[in-house]
Amino acid sequence: MEEAERTRRLNELKRRLFGPDIAVLGDRYMACPVCGQFYDVQDFTEVYYHDNEPHPPMKADA
């Protein structure tokens, strides 16, 4: 199965299970290739932190 078709099917399944907004949120987060932590690509602080190597995972806000 092609990657584009697989992505389309997964997004359709997400919409059916969780509603239409979940597909938008799914594109908002990505895994850092250095530390493996997921971060919000719309948050400049998180993007800047994960753009610099090497680094440990960010501490969660408590």
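Residues are numbered from 1 along each chain as its sequence is written, and side-chain values use heavy atoms, with hydrogens and water left out. Because the model is predicted, local features need pLDDT of at least 70 and side-chain atom pairs count only at pLDDT 80 or more, whereas totals for chains, interfaces and linings use all residues.

**Figure 1. Overview of the protein chain, with three helices and two strands.** Read along the sequence, the elements follow the pattern α-α-β-β-α. Helices (H or I, at least four residues) and strands (E, at least two) are DSSP runs, numbered from the N terminus. Buried residues make up 11% of the 62 residues in the chain. Here buried means under 20% relative accessible area, exposed means over 50%, and partly exposed lies in between (1.4 Å probe, protein chains only). The accessible surface of the chain is about 5,400 Å², and carbon and sulfur atoms account for 55% of that area. Accessible areas come from the Shrake-Rupley method with a 1.4 Å probe; for residues, only the protein chains shown count as cover. Of the contacts between residues at least 6 apart in sequence, 0% join residues at least 24 apart. Contact means heavy atoms within 4.5 Å.

**Figure 2. Helix α1 and the residue just after it.** The 16 residues of α1 should span 22 Å at 1.5 Å a residue, and the end C-alpha atoms are 22 Å apart, which agrees. The expected span is 1.5 Å times one less than the number of residues in the helix. Just after α1, G19 has a positive phi of about 100°.

**Figure 3. Nonpolar surface patch made by L10, L13, L17 and F18.** The patch has an area of about 420 Å². Patches are made of residues with over 30% relative accessible area and no salt bridge; like charges are joined within 9 Å, and nonpolar side chains (Val, Leu, Ile, Met, Phe, Trp, Tyr) within 5 Å. One of the patch residues, F18, lies in helix α1, which covers residues 3-18. F18 counts as exposed because its relative accessible area is 61%.

**Figure 4. Salt-bridge network of E5, R8 and R9.** A search of the whole structure finds three salt bridges. A salt bridge is a side-chain nitrogen of Lys or Arg within 4 Å of a carboxyl oxygen of Asp or Glu. The side chains of R8 and E5 form one of them, at 2.8 Å from N to O. Both residues lie in helix α1, three residues apart, about one turn of the helix. R9 also forms a salt bridge with E5, with the closest N and O atoms 2.9 Å apart. R9 and E5 are four residues apart in helix α1, again about one turn of the helix. R8 is partly exposed at 48% relative accessibility, R9 is partly exposed at 47%, and E5 is partly exposed at 26%.

**Figure 5. D40 and its partners.** D40 lies in strand β2, residues 38-40, and is buried, with 8% relative accessibility. The side chains of D40 and R28 meet in a salt bridge of 2.8 Å, N to O. R28 is in the loop between α2 (21-26) and β1 (29-31) and D40 is in strand β2, so the pair ties together parts that are twelve residues apart in sequence. R28 is partly exposed, at 27% relative accessibility. A side-chain polar atom of D40 also lies 2.9 Å from the backbone nitrogen of Q42. Apart from neighbours within four places in sequence, D40 is in contact with R28, Y29, E46 and V47.

Figure 6. H50 counts as buried because its relative accessible area is 6%. The side chains of H50 and H55 make a polar contact of 3.3 Å. A polar contact is a pair of N or O atoms within 3.5 Å; within protein, one must be able to donate a hydrogen and the other to accept it, and residues adjacent in sequence count only if both atoms are side-chain atoms. Leaving aside neighbours within four places in sequence, H50 is in contact with C32, C35, Q37, Y39, H55 and M58.
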